[in-house]
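Subject: Structure handover

Hi,

Here is the structure I promised to pass on. Have a look at it first, and my notes on what turned up are below.

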Amino acid sequence: MFPATALVLALSVFSAASTLSGTVTNGTTNKPSSGDAVVLIKLSSGMDEVGHTKTDSQGKFSLNIENGNSPYLVRVTHQNVTYHTPAPPGTTSVDVKVYDVAPKLDGINVVADLMSVQAQGGKLGITRVFAVDNASQPPRTEMNDAPFEFYAPEGAEIDEAQAQTSGGQPLNISPTPQAQKGRYAFDFPLRPGQTQFQVTYHLNYTGKATIDPHLIYPLQHFVVVIPKSITFTPAQAGIYQNKQTPSQPDAIAAIASNAKPGQKLAFEISGEGTLQGQDQEASAGGAGGTDSRPGGGLGAPIEAPDPLDKYRLYILLGFGVVLTAGAFYIVNRSRSVKVIPASSAPSFSGSSGSSVPNANFASPMTSAPAVHSGLLDGLKEELFQLELEHKQGKISDADYTKTKAALDQTLARALTRKG
């Protein structure tokens with residue numbers, strides 16, 4: 001009798017572990033969301049779609065899973081916009097919140113626009129980081145043909161672009177050229193909370209250039225981060241204030257407050273320099289100090305006076321992009337550079353739901369053989385575990401940001417040594 005009982009119990013446990021149930025709630029109406037398409041994505045096997053269903057009248061759904069010990073991602077499509085919730089190993093139920101869609105909303109504000117500038121070897125590299133807040137009430141998602149736009153200089157070649165939702169992971173996207181020359185649009189919905197966009201591009205450089213950010217949206221502050229070795233000359237005096245940057249003693253930040261579209265924010269740069277961070281062991285942790293984080297970390301942020309301190313996180317984000325995507329300048333000092341678009345896992349798709357999250361963690365870099373594959377594989381694994389633990393709430397936002405920065409720095413240092 002005992003073996004039979006044990007078998008029944010084992011089968012019951014197996015059955016429970018092989019089902020993932022959930023509830024989808026409409027965050028706009030605070031009611032169950034019925035008829036939404038639900039897709040189960042298996043993260044451990046190349047982001048395969050392994051289950052499909054729809055929510056019932058109570059917003060509930062159930063999906064069979066073949067392995068309860070694998071991590072999954074639940075994607076829900078509501079009014080043609082996708083929302084994602086991770087399902088770590090052992091998860092049996094998830095809750096997903098979606099929002100109604102509108103083509104135009106009040107409460108959309110661009111709160112930060114940071115431009116990092118580098119120049120070396122006849123090339124000028126620019127990375128822009130935008131932060132957009134959606135504080136609509138009731139909360140809704142804005143989606144139209146061009147939810148967010150920006151300008152790039154004539155002759156610029158876009159190397160990569162990403163979008164990231166509040167609490168989500170970066171998604172590689174391709175900005176869409178608009179009718180007006182140099183104008184691009186991110187075809188990415190502005191969900192409630194904050195959405196971050198970043199774009200990296202390069203153009204030819206002869207030692208001197210004039211850059212016009214050509215703002216489309218009003219800003220509290222527009223920030224330009226440049227190496228101290230590059231001369232920064234505003235086209236109009238009194239527009240910018242120079243501030244020391246956190247974790248970047250070799251750089252300055254020029255800040256234009258209360259910037260508005262049409263304002264004369266153009267500036268001229270001359271000379272060369274790159275934003276390489278504190279990647280020398282002697283400087284890690286201060287004079288004579290050491291840093292136990294991988295690669296020495298990005299260094300402890302210094303106290304920066306307002307308004308720069310308000311955008312410390314965005315500046316660090318921009319530096320992370322520069323250290324990896326900007327390896328174009330730091331690593332390969334010749335002109336033969338191959339740029340590989342970055343991808344993250346799990347990433348989050350855009351408005352149509354047709355974009356499948358990508359499982360790789362490779363950052364933009366020179367051709368893969370330039371770095372030992374074992375190091376890259378190790379970094380990918382570490383990044384995956386970091387993202388998973390952050391989603392599970394096992395590490396704080398502060399520890400996540402610090403560790404992510406350290407891993408980015410490790411990659412940059414490895415690329416530099418191989419270069």
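The mean pLDDT of the protein is 74, and 63% of its residues reach 70 or more. Two stretches to watch:

- Residues 278-308 have pLDDT below 50, and beyond near neighbours in sequence this stretch has 66 contacts in the model.
- Residues 316-373 are also below 50 in pLDDT, with 166 contacts in the model beyond near neighbours in sequence.

Where pLDDT is low, the predicted coordinates should not be read in detail. I'd treat those contacts in 278-308 and 316-373 accordingly.

Now the overall picture. The protein has 419 residues, and buried ones make up 51% of them. Its secondary structure comes to five helices and 24 strands. Taking contacts between residues at least 6 apart in sequence, 71% join residues at least 24 apart.

**Another sheet**

There is also an open sheet of three strands in the order β19-β24-β21, again with antiparallel pairing. Its edge strands are β19 (208-211) and β21 (231-234), each of which pairs on one side only. On average, neighbouring strands in this sheet are turned by 20° against each other, direction ignored.

Which residue of β24 does K208 stand opposite? K208 faces S270, and T231 stands opposite S270 as well. The strand pairings behind this are β19 with β24 (residues 267-270), antiparallel over four bridges, and β21 with β24, antiparallel and also joined by four bridges.

In a regular strand the side chains alternate between the two faces of the sheet. You can follow that in β24: F267 and I269 make up its covered face, while E268 and S270 are on the uncovered one.

**Cores**

I269 turns up again in the largest nonpolar core, which has 42 residues. Along with I269, the residues with the most contacts inside this core are V117, L124, F197, F222, V224 and Y240. Take F197: setting aside residues up to four places away in sequence, F197 touches R128, V129, F130, V132, F148, Q162, A163, I173, F186, F188 and L190. A second, separate core has 18 residues, including V24, V74, Y83 and Y99. Nonpolar side chains in soluble globular proteins tend to be buried together.

**Aromatic pairs**

Searching the whole structure gives 13 aromatic pairs. Here are two of them.

Y83 and Y99 have ring centres 6.1 Å apart and planes at 55°, so this pair counts as tilted. Y83 sits in strand β7 (residues 81-87) and Y99 in the loop between β8 (93-98) and β9 (101-102), so the pair ties together parts that are 16 residues apart in sequence. Y83 and Y99 are both buried.

F186 and F197, by contrast, are stacked, at 4.7 Å centre to centre with 15° between the planes. F186 is in strand β17 and F197 in strand β18 (residues 193-204), so the pair links distant parts of the chain, eleven residues apart. Both F186 and F197 are buried. Ring pairs also join F130, F148, F150, Y184, F186, F188, F197 and Y217 into a cluster.

**One last residue**

Is T85 buried or exposed? T85 is buried, because its relative accessible area is 17% and the cut-off for buried is under 20%. T85 lies in strand β7, the strand that also holds Y83. Apart from neighbours within four places in sequence, T85 is in contact with L73, V74, V94, D95 and V96. V74 is one of the residues in the second core.

Cheers

Notes. Residues are numbered from 1 along each chain as its sequence is written. This is a predicted model: local features need pLDDT of at least 70, side-chain atom pairs count only at pLDDT 80 or more; totals for chains, interfaces and linings use all residues. Side-chain values use heavy atoms; hydrogens and water are left out. A nonpolar core is a set of buried Ala, Val, Leu, Ile, Met, Phe, Trp, Tyr and Cys residues joined through side-chain atoms within 4.5 Å. Buried means under 20% relative accessible area, exposed over 50%, partly exposed in between (1.4 Å probe, protein chains only). Contact means heavy atoms within 4.5 Å. pLDDT is the predictor's confidence in each residue, from 0 to 100. Two strands pair if DSSP finds at least two bridges between them. Helices (H or I, at least four residues) and strands (E, at least two) are DSSP runs, numbered from the N terminus. Axes are lines fitted to C-alpha atoms, for helices over the stretch in contact, and angles run from 0 to 180 degrees between N-to-C directions. Rings of Phe, Tyr and Trp (its six-membered ring) pair if their centres lie within 6.5 Å; planes under 30 degrees apart count as stacked, over 60 as edge-to-face and the rest as tilted.
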